[in-house]
Amino acid sequence: MFLNKLSNWPSDKKIKQLLISSVILLLVIYPIMSYFFTVSYPVSAFESQLSFSGELIKEYNANADINLYRIANILDYFFMISYGGIFFSLGLIIVRKFKEETIWRKIGLIIIPLTIIAPSCDAIENIFILLLLSDPLEFPNIWAIIHSFFALIKYIIMFIGFGWIAAALIKLVLIRKSQKIQ
């Protein structure tokens, strides 16, 4: 099974390198991207991404600095690479700490591919944002709905993935504590 290949591929060294480089990229790109989002758009990214309304986004765009907002969305692609790399590498590091026959490892090996799907949905969402910005006040309203749909899928997957990571970390701490007691 393909998912079982993740038990030993990529190597632990490559995973650590990916984690470190992804964290560095995040620390560099996030403040710059956030600045451009903040100064260019009248509402939070969360509000605009999940609006499901072309008319509402057109209203936001009327009060936005479209050029700076476009830059923010282009920079967001680097952010996607960073959080996807962190999500993937951290998930693999954690899943490999569980014994092979445990449900935690099995579920983790199912969750790990989601780490690629979330930033992929984010990338598609951004394609639609950039399309919206090509004609910010007259774009077809369906583009806003598609954009919001991919944003929703991204957030659901991220919630599931990061939820599993948090629960798995707690489980690992509990396992270690019980081993020290024995």
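**Cavity, loop and helix crossing**

Modeller: Among the elements, α7 gives the largest share of the lining of the largest cavity, three residues. Helices here are DSSP runs (H or I, at least four residues), numbered from the N terminus. This is a predicted model, in which local features need pLDDT of at least 70, side-chain atom pairs count only at pLDDT 80 or more, and totals for chains, interfaces and linings use all residues. Residues are numbered from 1 along each chain as its sequence is written, and side-chain values use heavy atoms, with hydrogens and water left out.

Biologist: How much space lies in the largest cavity?

Modeller: A cavity is a set of points on a 1 Å grid over the protein atoms alone where a 1.4 Å probe fits but cannot get out, and lining residues have an atom within 4 Å of a point. Grid points are joined across faces, edges and corners, and the volume is the space filled by probe spheres set on the points. The space in the largest cavity is about 50 Å³.

Biologist: Is Phe52 buried, partly exposed or exposed?

Modeller: Phe52 is in the loop between α3 (45-49) and α4. Buried means under 20% relative accessible area and exposed over 50%, with partly exposed in between (1.4 Å probe, protein chains only). Because its relative accessibility is 36%, Phe52 counts as partly exposed.

Biologist: Which handedness has the crossing of α5 and α8?

Modeller: A crossing is left-handed if the near helix is turned anticlockwise from the far one by less than a right angle, and right-handed if clockwise. The crossing of α5 and α8 is left-handed.

How values were computed: 1 Å grid on protein atoms, 1.4 Å probe; cavity = no way out; pocket = protein on both sides within 12 Å on 5 of 7 lines; lining within 4 Å. Helix = DSSP H or I, 4+ residues; strand = E, 2+ residues; numbered from the N terminus.
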